[in-house]
Amino acid sequence: MSEQIVIVGFGPVAGRLIDELLPAVRDGHVRLTVVGEEAEAAYNRVLVADLGVGRTTADALALSDAAALIAEGVDVRLGVRVRRVDRARQQVILTDGTTAPYERLVFATGSRPVIPNLTGINPDPTSPVLPAGVTALRDLRDASVLRAAVDGGKRVVVLGGGVLGLETALAAAEEGATVTVVHNGPHPLGRNIDRGGGAVLAASLRRCGVRMAGNARSTGVEHNAPHGGFSALLLEDGSAIDGDLLVLSCGVRPRTELAEGCGLSTGMGILVDHRLRAHHEPHIFAIGDCAEVRCPDPACSECRTATGPSGLVGPGWRQADWLAEYLTLLATGTQADADALVELPREQAGVIVLKARGLTMAVAGDNAADPWDEDALTAGAVNGRPRLQIAQWADPEHGRYVKITTRGGVLEGLVAVGMPRSAAELVSLFERGAELPADRSLLLRLDGPEQLASGPADPAGTVCRCAGVSGTRIQGAVEGGCSTVADVAKATRAGTGCGGCHDDIKGLIEQHFQAAPA
């Protein structure tokens, strides 16, 4: 007897879950239904900005093939929304009047963009009305709006100084648009990067052709363009920033309204335990941006310090892999068999990477303390626990900055701007929890002149952090005939997340073919 599983949402995380459940579908253990609000199957939403500037295609972003899934026996319902979930009858009621019964239900509803409360924009979070010339750049249709602006050399205003906004700004500027980033606070990435690193980053962005408007609080939008389109962003000080397209990049919020509507517990996201089960509801699960792992046990030390959904695709994919195994065990065995599966490990602090032509940056962990901030350095240094140590190096003239926060020689935070090799090594050490060399200057020398001619970094470590793919595995795929990033992505899934590893994958491909005999 097979088990009916319904997945609500068809983004990248849901697509990964479906892929991992396909063997159980083929064997007849699982009957699978997936409900997607968009007309397209799962695609890489992180790279929508690249599509908007003409660097990739919609086909290259695709992560799932609806026709292929239907041929495998998956019930795929696209372009339809869920009206409500009837937990008593264990069924999902859709807006087209149909229903989808379930024995296990998975919320993979992701997140929605934050729409700021500006005059001229309806801020209703569930159904915002964005005027012509304003986009949140979340889907394929938004990408076409950006593409038209970039192709026409228009003025693009990006509201928000987060990593996605900066990536959009850099890409649009590189492709010929006039771009201004407007953000609150003295520097971009204000929640993630320290003051020195933020200042060097802002200067580097300007050198890349991006205009920066910091310490700016926006109040409204003007619609004086032809056909009532966007013409200017209005600021609190009475000034305005003229433009032809406004890109809202003000963060995201988990989509929890369906879960709330059927009585599930929510915090920042849908509250789930360490087996991704909704609180007090063994038939319902949540993964990805909409899920907040915070178990009901008040004595759980892990959950006391949990910070909510990460907003990154890598953790969502790892949740999908784990849940697929758990659901397969439920369908093929007993509850005891499934519960014997080791719980999903806690995610490490995320690493933020920004890569563009002429600018690289990596930020991770707690990097706010200054080298002479005695209170911050000694905080938490009790019962034999070491105090924080800070190593800092800056060369603002050339756009270089490194800050290393350690405790007992182990990294707790880092900032690296304009130092790509040092950044790669620091990120590797941070993710492994490895001890740094006693002489921190050794790390800076990785970007010295004598290193510039060397090849790609040692591939034994992780190259694609989103999919967890090592350089060794990528090398194996290249040796097996993969000659492009797209080929490697199909063979290993490397490069299908944020795209930050594309240059590293290209480097491994080039290294292989340069070494091949003529």
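These legends describe close-up views of a predicted model.

**View 1. The largest nonpolar core and helix α10.**
The largest nonpolar core holds 77 residues. Ile7, Phe107 and Leu323 are the residues with the most contacts inside this core. Helix α10, which covers residues 313-332, supplies the largest share of the core, ten residues. Nonpolar side chains tend to be buried together in soluble globular proteins.

**View 2. The surroundings of Leu323.**
Which residues are in contact with Leu323, leaving aside its neighbours within four places in sequence? They are Leu17, Val106, Arg275, Leu276, Phe285 and Ile287. Leu323 is also one of the residues with the most contacts inside the largest nonpolar core.

A search of the whole structure finds two aromatic pairs. One of them is formed by Phe285 and Tyr326, with an edge-to-face arrangement, 6.0 Å from centre to centre and 65° between the planes. This pair links distant parts of the chain: Phe285 belongs to strand β20 (residues 281-286) and Tyr326 to helix α10, and the two are 41 residues apart. Both Phe285 and Tyr326 are buried. Trp322 and Tyr326 form a stacked aromatic pair, with 5.1 Å between the centres and 15° between the planes. Trp322 and Tyr326 both lie in helix α10, four residues apart, which is about one turn of the helix. Is Trp322 buried or exposed? Trp322 counts as buried because its relative accessibility is 8%, and buried means under 20%. Tyr326 is buried as well, with a relative accessible area of 1%. Through these ring pairs, Phe285, Trp322 and Tyr326 are linked into a cluster.

**View 3. Glu3 in strand β1.**
Glu3 is found in strand β1, which covers residues 3-8. Its relative accessible area is 11%, so Glu3 is buried. The side chains of Glu3 and Arg104 are joined by a polar contact of 3.1 Å. Leaving aside neighbours within four places in sequence, the residues in contact with Glu3 are His29, Val30, Arg31, Glu103, Arg104, Leu330 and Ala331.

**View 4. Arg87 and Cys262.**
Arg87 is placed in the loop between β4 and β5. With 27% relative accessibility, Arg87 counts as partly exposed. How many residues apart in sequence are Arg87 and Cys262? They are 175 residues apart in sequence, and 6.8 Å apart in space, C-alpha to C-alpha. A polar atom of the Arg87 side chain lies 2.9 Å from the backbone oxygen of Cys262. Not counting residues up to four places away in sequence, Arg87 touches Tyr102, Cys262, Gly263, Leu264, His280, Glu281 and Ile284.

Strands β23 (residues 359-365) and β26 (residues 410-417) run antiparallel and are joined by five bridges. Leu414 in β26 is the bridge partner of Ala364.

**View 5. Two loop residues with positive phi.**
Most residues other than glycine have a negative phi. Gln90 has a positive phi, near 50°, and is placed in the loop between β4 (82-86) and β5 (91-94). Asn383 also has a positive phi, about 55°, although it is not a glycine. The place of Asn383 is in the loop between α12 (374-378) and β24. Gln90 is partly exposed, with a relative accessible area of 23%, whereas Asn383 is exposed, with a relative accessible area of 83%.

Definitions and conventions: Residues numbered from 1 in each chain as written. Predicted model: local features only at pLDDT ≥ 70, side-chain atom pairs only at ≥ 80, totals over all residues. Heavy atoms only, no water. Core = buried A, V, L, I, M, F, W, Y, C linked by side-chain atoms within 4.5 Å. Buried < 20%, exposed > 50% of the residue type's maximum accessible area, 1.4 Å probe, protein only. Contact = heavy atoms within 4.5 Å. Polar contact = N/O pair within 3.5 Å; in protein donor to acceptor, adjacent residues only side chain to side chain. Phe/Tyr/Trp six-rings, centres within 6.5 Å; stacked < 30°, edge-to-face > 60°. Pairing = 2+ DSSP bridges.
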